[in-house]
Structure formats: structure tokens, C-alpha cells
Amino acid sequence: MDLKNTGVSISESSSSKASSSSVMPKTPRNLNPNIPFSTTQFGTSNLCFDSGANQSFHAYQPALGMQSLPLYHENKNKDHQVLDWDPRVMLNNLSFLEQKIHQVQDVVRSMICRREEGQFSNQANELAAQQQLVTADLTSIIIQLISTAGTLLPSFKNSSLPSNPPGGPMGSLIGSEFRSDSAKASEYEELIKGLSNAGDEGDELIKYVNACGGEGTESVLIEDDAMDGDNLPPGSYEVLQLEKEEILAPHTHFCLICGKGFKRDANLRMHMRGHGDEYKTPAALAKPSKEVSLEPAPIKRYSCPFRGCKRNKEHKKFQPLKTILCVKNHYKRSHCDKSYTCSRCNNKKFSVIADLKTHEKHCGRDKWLCSCGTTFSRKDKLFGHVALFQGHTPALPPVDDAKVSVVSDQVQGNDLMNEGSIGFNFGSTSDDVSLLDIKGADDDRGFFSPMNFDSCNFGGLDEFPRPAFEVSESSFSMLPGSYNYVRGNGET
Amino acid sequence: MRSDHAAITVLPVDLLIHIIDLVPEPSDRKSIRLVSRAFHRAECLQRRDLKVLRREALSILIRCYGAIERLDLSACAGLDDGWLAAALGGGAAPELRKVNLSRASGVRWRGLAAMVRGCPRLEAVDLSHCVGVGDLEVAALAELAGLKELRLDKCLGVSDVGLAKVAVGCPGMERLGIKWCLEISDLGIKLLVKKCRDLKALDISYLMVTNKSLHSISTLGRLEVLKMVGCYYISDDGLHYLNNGNNHNTLLSVDVSRCHNVSSAGLASVVTGHKTLRKLKASDCFIELPSDFLSKFGVLTNGFHTLKVDGSEVSVPRLKTIGANCKGLIKIGLGKCKGVTDEGISELVSNCAGLKTVDLTCCHDVTDDSLIAIADSCKNLESLLLESCSLITEEGLEYIGTSCPNLQEVDLTDCDIDDAELKSLSRCSELRVLKLGLCPDISDGGIDYIGSKCEKLQELDLYRCTGIGDDGLASLVYGCKKIRKLNLCYCTGITDQGMKYVSCLQELEDLELRGLTQLTSLGIAAIAIGCPRLVELDMKRCTSVGDIGFQALARYSLNLRQINISYCNISEMVLIRLLWNLRCLQDVKLVHLTQVRREGFMLALRTCLDKLKKLKLPSNLRNVISPALIQILQDRGCRIRWVDKPIPFFMRDSPPSSPDP
């Protein structure tokens with residue numbers, strides 16, 4: 001059977017020497033546990049894995065950057081071949097995978113045996129190498145499984161998703177690489193390793209992009225409720241309505257065993273470790289991978305549960321909210337008490353803590369003052385106000401202190417900006433499961449006081465309980481937030 | 001005789017007031033005032049205008065003249081918050097309507113606030129050229145709810161906030177000048193227009209405002225005068241706004257000079273939109289005037305009387321179009337216009353017989369033919385400006401002299417004229433202003449014609465007329481007793497004898513004597529004693545004048561406000577005495593006084609700390625004079641200019657002692 005002609009991209013992974021025996025190995029490998037792996041069939045792969053471990057990332061970068069595009073086209077060219085897939089080939093693939101799994105099982109067993117024999121202390125290095133090997137093998141198995149499954153997908157050939165789901169390009173890369181030169185096993189191995197990393201990274205990247213997108217809509221929302229950006233015709237989307245309790249719940253992730261709530265899924269997973277060993281496996285700890293959407297997901301929009309609100313689906317001119325985040329912020333801003341008061345001016349109140357944070361950055365820096373006492377951050381707003389009300393005039397700064405206060409304001413402003421940028425960096429990096437988050441496995445306050453992050457306006461790590469996604473919001477809030485604040489003034 | 005005197009003194013006060021009402025001349029009024037106590041009291045009650053020159057007299061004068069309505073403090077030396085508050089803060093002049101504080105650079109918001117408290121009925125305030133004035137001062141004025149007229153030209157500190165204060169505080173504002181208030185932007189103008197709907201005159205010259213401001217201004221329903229000289233950000237779009245606005249029937253005068261982004265198309269829309277337009281000034285705006293734009297003037301009513309298009313290209317057909325469409329023109333300004341020829345001028349004036357002012361400055365191609373055409377058509381000509389029209393001769397001026405008996409102002413600077421032309425011109429017996437600068441061919445004989453005929457002459461410019469000597473001045477002074485302003489700079493033939501003649505001019509206020517190296521202390525002493533009204537004196541490079549002359553100035557010329565003694569041989573002690581004694585002194589130029597040491601300068605400046613408004617010093621003193629002194633001067637509103645010029649060679653070797661004979 002000629003694999004190349006079948007058009008199946010993946011049928012083989014790390015076997016470098018015997019492509020003919022790869023489908024059905026005649027002899028089970030590594031029957032003798034004493035023979036180190038480096039001398040067996042895995043030798044090259046092992047070696048190359050070692051080098052790959054060092055270079056995988058660097059090697060991967062050019063691979064993705066330069067090769068991905070032509071490879072992708074190549075992949076497109078053979079799409080029609082993928083379309084008429086052969087069940088027999090699939091079966092071959094599956095059996096190969098089974099074989100592979102058995103091999104890994106053998107390796108692991110051998111490791112157990114050796115440990116029982118007490119060779120552990122002598123061959124610690126070898127053992128570590130074997131562990132790495134197992135990990136690498138498992139990774140390749142997983143990738144093969146995914147790509148095999150990928151050949152079945154009708155939507156795969158489209159790969160219409162703009163953000164390149166991890167499965168698509170990866171499969172194509174593997175396939176084309178394999179097709180081009182199956183003898184270059186070392187490079188292949190390297191590539192796989194790189195891709196497995198890339199898969200994670202890409203995943204993260206996508207998540208990050210999504211988060212940014214969410215922020216974008218959020219900022220639009222802040223700017224004007226009426227301007228959502230997309231004018232979807234009614235009926236073209238699915239309207240969801242969360243209940244008030246759901247919206248206001250501080251936690252969104254709950255432990256199924258003890259019922260404890262968490263703001264982040266990652267924190268929940270860390271918590272789950274305490275409930276038993278089965279939750280300690282890498283699979284259980286790994287991030288739930290995103291499934292490749294088979295078909296374009298139905299567009300979801302959200303409705304505010306408050307009756308009579310324009311954002312409620314019963315309203316005549318219903319304008320839906322884009323994301324859950326929008327719902328939460330909208331509900332808090334519009335239908336909840338403003339419980340957070342600015343400690344500087346003791347005047348402004350907010351219901352969303354991020355708004356307070358934003359305000360506090362600017363509070364006291366308003367230099368445009370009306371005779372009625374209202375302050376403005378912008379001159380044109382003040383003049384608009386003065387034009388509107390009879391008898392109001394712009395107030396002049398105090399006679400002598402003017403220069404001093406301006407200077408101190410500038411200094412303060414610079415400090416604030418610096419802090420803001422620090423917060424921004426931290427916020428973006430710790431967006432995912434970060435070390436800090438793991439430490440702060442739940443929302444009890446005071447966890448970070450030794451690290452004293454509170455002093456630098458550090459977005460997600462403040463003392464107040466809040467949903468996980470607000471981390472990124474506050475870290476991004478410098479730009480949209482400033483507008484928000486102005487609007488708040490304009491209303492008063 | 002004695003009984004007559006008694007009869008007048010027993011006249012009741014109301015009749016006396018009525019009599020005094022009919023006496024316009026200040027000197028006559030002074031005579032009346034000195035007749036008796038009753039006359040003095042009547043004069044005090046009758047007087048409505050007051051101009052104060054010294055701050056020490058201010059309080060007393062205000063108490064004395066309680067009925068004044070207009071007060072001019074623009075020439076009051078050393079006026080500051082304390083003096084102003086003491087004079088006006090107590091309500092001594094409750095009827096005061098108008099205050100002129102132009103160039104009163106020492107006045108700040110405290111003084112203005114006191115003035116506003118004391119004179120709540122003020123309607124007009126002039127703060128122009130008080131460069132230190134800012135929002136605080138304007139805010140103090142904004143308490144005057146009845147303020148109708150405010151000039152803030154070159155009040156550099158005034159921003160939108162100050163303007164907003166005025167706009168809100170004085171809703172009845174009618175005339176506002178904010179020329180050169182560079183901080184003011186569209187926002188301020190917008191608010192002003194929104195709050196002050198009665199604005200009639202608005203001057204936004206040299207502001208950084210854009211078309212948005214014109215959009216706002218176009219909504220003013222009563223606007224009559226709009227000046228926007230040098231508004232670089234205003235373009236045709238803005239003028240179109242003006243055309244579509246609410247002031248179609250009110251706008252009388254528009255000045256768009258030096259608006260470089262305005263084209264004739266935009267201005268044409270203004271002209272067609274405002275048929276009542278009377279004045280249009282568009283100097284240095286466009287390079288050429290399209291004839292279709294000029295033909296738009298035809299839609300204007302006959303009231304259109306002033307057109308100024310300096311710096312444009314005006315060919316013969318253009319001038320013809322102007323003449324055909326603007327028959328009612330009274331003033332036309334064609335200064336520095338290219339293409340102005342005799343033919344064009346004759347086409348223009350043949351239609352515009354009513355012209356009174358013709359400005360042909362630097363129209364080099366103009367010859368006698370133009371003058372003949374003007375003389376033929378414009379019998380009512382009052383002002384003729386011909387600077388640098390060097391082709392004109394006695395023939396043309398002969399026609400002007402015979403045909404235009406009302407001519408009051410003639411500018412012949414740099415026209416290469418000689419005595420014959422002056423003879424022709426001397427027929428204009430109504431002449432008030434005559435400028436003959438840079439005409440070295442004029443001799444004493446030519447001046448004699450003027451002196452014998454033009455009795456009403458008030459202003460004579462003989463800058464660099466080197467042919468003139470003492471005899472010419474003798475005949476001039478003999479005939480023209482009313483001269484107030486005389487420029488004799490670099491007429492190097494003039495000696496002390498000439499100064500003795502000039503000292504007979506009782507009315508003389510402004511005398512320029514630059515570079516008259518033959519003058520000595522005797523001549524200056526004669527001027528100091530003979531011309532008590534002297535306000536300005538320029539003695540730059542009068543190197544032969546010594547200490548005695550300056551001592552005489554210090555002793556007698558107590559009204560001097562400006563003095564330039566740069567490059568003069570004045571000694572330290574006399575300089576100190578001069579600056580100390582001249583109590584009205586406000587503007588001093590002290591460049592390169594080689595005999596004065598640093599300590600002398602410091603002492604001299606200390607003596608006049610509180611009265612100076614402008615000071616010119618050589619830059620080598622900058623690091624020598626104590627910074628504290630400079631700071632005090634500047635805090636009191638004095639502007640110091642540092643001049644960086646080398647000391648001329650002839651002064652380096654001059655002996656340190658006084659060169660007086």
C-alpha cells in the first residue's frame with residue numbers, strides 16, 4: 001500500500017527507518033527492558049528529541065513563519081484528495097495508533113520493573129530520558145489522533161476560521177512534511193515537538209485575541225450603549241438571558257464535590273487536586289481544549305433580565321448585548337446600586353469596580369472647573385456646560401497656587417501612567433493560568449499582601465472579589481476608561 | 001472794566017456751566033478755570049472728560065471732578081493697583097462710564113476689582129496693550145453687568161476662560177476687541193456669540209481661530225463691524241458661513257486683510273450677501289483681483305465708501321470696474337498695488353468724484369497725469385498719499401494745489417521733490433499733515449513757501465531733508481505756530497540757532513532730532529524752556545549735547561513721556577537726575593551711554609522704578625544689572641528690550657569728560 005498515493009496525510013510518526021514495517025510492525029519493540037531505548041528504533045527520535053528540546057522553539061519559529069504559508073497552499077491543493085477518504089486507511093491509522101500506545105505501555109511497564117528492581121538510583125539519567133521519551137510519544141500520538149480525525153471533517157478543507165484553529169495548520173504541516181520527505185525523521189520529530197508547543201501557544205493566542213475582542217466591544221459599550229458596532233438584523237442571532245443571580249454571582253466555576261466557587265476555571269482545577277489523585281493527571285490539569293467548530297457557531301447575543309430596559313428582549317427597540325461581560329457590566333451599571341465611592345473626592349460612585357479604578361486614576365486632575373462646582377477634564381465639555389446653563393461661568397484657578405498644583409499634577413500623572421503600564425503588562429501575561437493565580441487559589445483577600453501588588457494598581461489582583469475576566473478589563477481600561485469617566489461627568 | 005468782571009462772576013452756576021459747554025479748547029478752559037473759585041467750581045461740575053498724567057494727582061482730581069463720565073489713564077505714569085483703588089474704589093466718580101487704561105501695564109486685577117466696585121455704571125473699558133493682563137483681570141471686569149465696550153488688544157494672558165467670564169458677566173456687550181489675544185480659540189468665540197447676542201463690533205484679528213468661529217459669528221443678528229486681520233486659519237468656507245448668516249442687513253464693515261487663505265471668491269460671497277456693506281478692507285490678501293469679483297460691488301448700495309486692496313495687482317480694466325461699480329467711494333487704498341497706471345487712475349476717478357482719500361503709496365508708475373485726473377475729478381480731496389511716487393513733478397502738484405482746496409494731508413516721502421513742487425503745494429492752505437521725508441533737494445526756500453501759506457500745519461516730517469538749515473526753520477516757525485509734531489532727524493545742517501526757532505512752537509509735543517550732531521546743550525536747553533508741552537523727544541546720536549542740556553530737560557520738560565538719549569554723552573549724575581525729575585516718564589531708551597557706569601545705571605533705574613513702562617538697554621548690561629532690579633521692573637509691568645549692537649567707533653575714543661563748550 002502506497003501511503004503517499006492514498007492521500008492520507010498522517011499514517012506514521014516517528015518510525016524513521018522502516019516505513020514499510022511501520023503499518024504493522026512484525027516484532028514488538030523493546031521487549032527487553034534492559035536495552036536502553038537509545039539503541040532501538042527510537043534512538044534517532046530520542047536523540048533528535050533531545051536536540052529538539054533545546055531547539056524546538058527556535059527551530060519552530062522559522063518553520064511556522066516561513067513554511068506555513070506554502071505548506072498551507074500545498075494542503076489546499078490536495079484537499080480534493082482528502083475528501084474521498086478511505087476507511088481502510090483510517091483503519092490502518094487506528095491500528096497503528098493502537099500499536100503505538102502499546103509500545104508506550106511497554107516502556108512504562110519497563111520503567112516500573114526497573115524501579116522495583118532498585119535500579120532507579122543507578123540509572124536516574126536514563127530514567128529521566130525515558131520519561132521524556134514517553135511524553136514525546138504521547139504527544140505525537142495525540143497529534144496523530146487529531147489529524148486522523150481531521151481528515152474526516154468536512155469543514156476541515158475549508159479552514160475558514162480566520163484564527164487558524166490549532167488542528168488545521170498543524171495537520172497540514174505534519175502531512176506535508178511527511179509527504180515531502182519521510183526519511184527526515186529528526187526534523188519531523190522536531191517539528192512535531194514544535195507544533196505541540198505551537199498548539200498550546202496558538203491556543204493561548206486565540207484566547208488572547210478573543211479577550212481583546214471582548215474588550216473592544218466592551219469599550220464600545222462604555223462609549224455608548226446604542227452603538228454596538230454590528231447591526232445584526234433581529235432573528236439572525238440567538239438571544240440568551242441570564243438571570244439576575246447568575247449575573248451578580250461572584251463565582252462562575254463551582255467544585256462539583258465540595259461546592260466551593262471560583263472565579264477562574266484554572267483555580268478550580270488547582271483546587272480539584274485536593275480531591276484525589278485522578279485530578280492530578282496532566283490531562284485533568286490541562287486546559288480543556290477548544291473543539292474545532294464544525295460549522296459556524298450560531299451568533300449569540302444577550303438580553304438584560306431587567307424588565308423595561310432597552311437591553312431587555314421584551315423592549316420594542318431591543319438592542320442586544322454582545323458578551324456576558326457586557327451583560328454583567330451593563331446590569332451592574334444600570335440596575336444596581338453604586339456601592340463603590342471614590343476615596344479621593346468622596347463624591348463619585350460606581351457600581352463596577354473597574355470604573356472606580358479608572359476614575360481614581362483621573363480624580364483630582366480635573367482642571368476645568370465651573371462656578372457651580374462641577375469639574376470637567378476637558379475644556380470643551382466645560383464650555384458646553386457653561387453655554388447651556390444661565391449664569392454659570394468657568395472658575396479661575398486660585399491665584400497663587402496655580403503653578404504649584406499644575407506641576408504636582410503632572411508628576412502624579414506620570415506616576416499614574418507608569419503604574420498603569422505595569423498593570424497592563426502584568427495583566428496581559430497573567431491572563432491565563434499564572435503562577436500568581438495558582439497561589440491565590442481562591443478569592444480570599446490578603447493573599448498577595450507580602451508581594452504588595454495592590455500598591456501598583458495591579459488589575460486582577462486587587463482585594464475585591466470579582467469575575468476572572470475583569471482582570472483583563474482593568475488592565476486595558478486606560479483607554480476606554482478615560483472616556484467613560486468623561487461621560488460620567490457629562491451626565492451630572 | 002471792574003464792573004464787567006463782577007457781572008460775570010455773579011452769574012449762577014448753571015449759566016456758567018452752559019457757557020463752559022461752548023468752549024472746546026483745553027487751553028481756553030484752563031483760562032476760565034483760573035478766573036475765580038466760582039468759575040472753577042462750575043468747570044468742575046461741567047467737566048465730563050478727564051485725562052490724568054500723574055498718579056499723585058489722580059485721587060484729588062477725581063474728587064474734584066466728580067461728574068466725569070470719561071476718564072483717560074492711558075498716559076498716567078506709574079499707575080498701579082494701589083493708586084487706582086484709592087482714586088476710584090471709594091465711589092468718588094459714580095457717573096463714570098468710560099475708562100481708558102490702555103498701556104497701564106501696572107494695573108492688575110485688584111485695582112480693577114476696586115474700580116468696578118467704585119464705578120458700577122461703567123460701560124466701556126479699554127485695557128489694550130496691557131500685556132500682563134490675563135483671565136483674572138478680565139474676570140474682575142466681568143462683574144460689570146452693564147459693560148458694552150471692551151478692548152483687550154494684546155492682553156496676552158487672556159484665554160477662553162477670561163472671555164467666557166466676560167461673555168457670561170456682560171451679556172449686553174456691543175463692541176469687543178480681542179486682537180492679539182492669542183490664547184483665545186474657537187471655543188471662546190462660540191461661547192461669546194452664544195451669550196452676547198447684541199454684539200455690534202468684533203475684532204478677532206490675529207487670533208488662531210478657524211472657520212468654526214465664523215460659523216458662530218454669522219449667527220449674530222446685529223453685527224456691524226467685523227475685523228479679522230491676519231486670521232490665517234480662516235478660509236473661503238468661513239466667509240460662506242458669513243454669507244449664510246443672520247446679519248445680511250446689518251454688516252457694514254469687514255476687514256480681511258492678511259487673511260492669506262481667503263480668496264476673492266469667498267469675499268465675493270460676502271459682498272453679494274451684505275448689500276449694506278460700507279467698508280471693505282482686503283489688504284495683502286490676494287495677488288490679483290478678478291474682474292468678476294469687482295463687478296459684484298455693483299449690487300452694493302451707494303453707501304459703500306471705503307475700499308482697501310493694498311498689495312494686489314490692479315490693472316486698468318480692474319480700476320475701471322471698480323470705478324463703474326463703486327460710484328460712492330470716499331476712500332480708496334491702492335498701496336503697493338502692481339499695475340496702477342495713469343490710465344487706470346483716470347478711469348477710476350472719473351466715476352468716483354466723491355473721493356476724499358487716495359492712497360497710492362509705492363505705486364511707482366504714477367505720474368503727473370494721475371494727479372491731474374485726480375485734481376479734475378475729486379474736488380473734495382482731503383488726503384493724498386504718494387510715498388515713493390518719484391515720477392511726479394511740480395506740474396501735477398500745481399493742479400492738486402489749485403483744484404483741491406480742502407487737502408489736509410499729503411505724503412510725499414521719497415518723491416524727489418524740490419522747492420518748486422513745494423511752491424505748488426503751498427496753495428493748499430488747509431494742510432494739516434505734510435510728509436517730506438527723504439527729499440534732500442528741498443532747501444530753506446521751499447520750507448519758506450510752506451511756512452508762509454500753511455498756517456494750520458500740525459505735523460511736518462523732514463526726515464533726512466539734508467538741504468534744510470536754520471533759516472528754513474525760522475520761516476516755518478514764523479508761519480506755522482500750530483505744529484505739534486516735527487521730525488528733523490538727520491537734517492544735519494541744523495544748529496542751535498534752529499533749535500532756538502523751534503523753541504517758539506508752544507504747541508510742540510513730539511520732536512525728533514536724531515543724528516543732529518551740531519546741536520549742543522544750548523539748543524536743547526532752548527527747547528526745554530520754550531516747549532512746555534513736549535511729550536516725546538528723540539535725541540539719539542546727538543553726540544554734542546552735554547550735561548547742561550540734559551539738566552535743562554530735567555528741570556523744565558516735566559511732561560516728557562518718551563525720551564531717547566541713546567549714544568548721547570550724558571554723565572552718570574545727570575542721568576540719575578533726569579530720570580528722577582521727569583515725573584511722567586514712561587519710555588526710555590538708554591543704549592550705549594559710554595559715560596555711565598553700571599552703578600550709575602542701577603541708581604538711575606531705581607529712581608524711576610515705578611513709572612517706566614518700556615525700557616531699552618544694551619544687552620551687555622543684562623548680566624551686570626542685578627536680576628532683582630530687573631525682576632521688580634518687570635513685575636511692575638515694564639517691558640525691557642535688550643539691544644545687541646556694537647558701540648560705534650567714534651564713541652570708543654570719545655573723552656569721558658563732557659564735550660560742552
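The structure is a predicted model, in which local features need pLDDT of at least 70 and side-chain atom pairs count only at pLDDT 80 or more, while totals for chains, interfaces and linings use all residues. Residues are numbered from 1 along each chain as its sequence is written, chains are lettered from A and ligands numbered from 1 in the order in which they are written, and side-chain values use heavy atoms, with hydrogens and water left out.

**Salt bridges**

- Over all chains the count comes to 33 salt bridges, a salt bridge being a side-chain nitrogen of Lys or Arg within 4 Å of a carboxyl oxygen of Asp or Glu.
- In chain A, Asp355(A) forms a salt bridge with Arg333(A), their closest N and O atoms being 2.7 Å apart.
- This pair links distant parts of the chain, with Asp355(A) in helix 12 (residues 353-362) and Arg333(A) in helix 11 (residues 324-335), 22 residues apart; helices (H or I, at least four residues) and strands (E, at least two) are DSSP runs, numbered from the N terminus.
- Asp355(A) counts as buried at 8% relative accessibility, and Arg333(A) counts as buried at 17%, where buried means under 20% relative accessible area, exposed over 50%, and partly exposed in between (1.4 Å probe, protein chains only).
- In chain B, Arg597(B) and Glu572(B) form a salt bridge whose closest N and O atoms are 2.7 Å apart, and Glu572(B) counts as buried at 14% relative accessibility.
- Salt bridges that share partners also join Arg29(B), Arg33(B), Glu43(B) and Arg47(B) into one network.

**Charged surface patches**

- A patch of negative charge on the surface gathers Asp369(B), Glu394(B), Glu395(B), Asp414(B), Asp416(B), Asp418(B) and Asp441(B); patch residues have over 30% relative accessible area and no salt bridge, and like charges are joined within 9 Å.
- Asp414(B) is located in the loop between strand 15 (409-411) and helix 19 (419-425) of chain B, and it counts as partly exposed at 32% relative accessibility.
- Arg103(B), Lys614(B), Arg639(B), Arg641(B) and Lys645(B) form a positive surface patch, and Arg103(B) counts as partly exposed at 45% relative accessibility.

- Ser370(B), in helix 17 (residues 368-377) of chain B, is buried with a relative accessible area of 0%.
- Ser383(B) lies in strand 14 (residues 383-385) of chain B and is buried, with a relative accessible area of 7%.
- The C-alpha atoms of Ser383(B) and Leu355(B) are separated by 9.3 Å, the two residues being 28 residues apart along the chain.

How values were computed
Patch = residues over 30% accessible without salt bridge, like charges linked within 9 Å, V, L, I, M, F, W, Y side chains within 5 Å. Areas by Shrake-Rupley, 256 points an atom, 1.4 Å probe, with all protein chains shown as cover. Lys, Arg positive; Asp, Glu negative; His and termini not counted. Charge placed at Lys NZ, Arg CZ, Asp CG, Glu CD.
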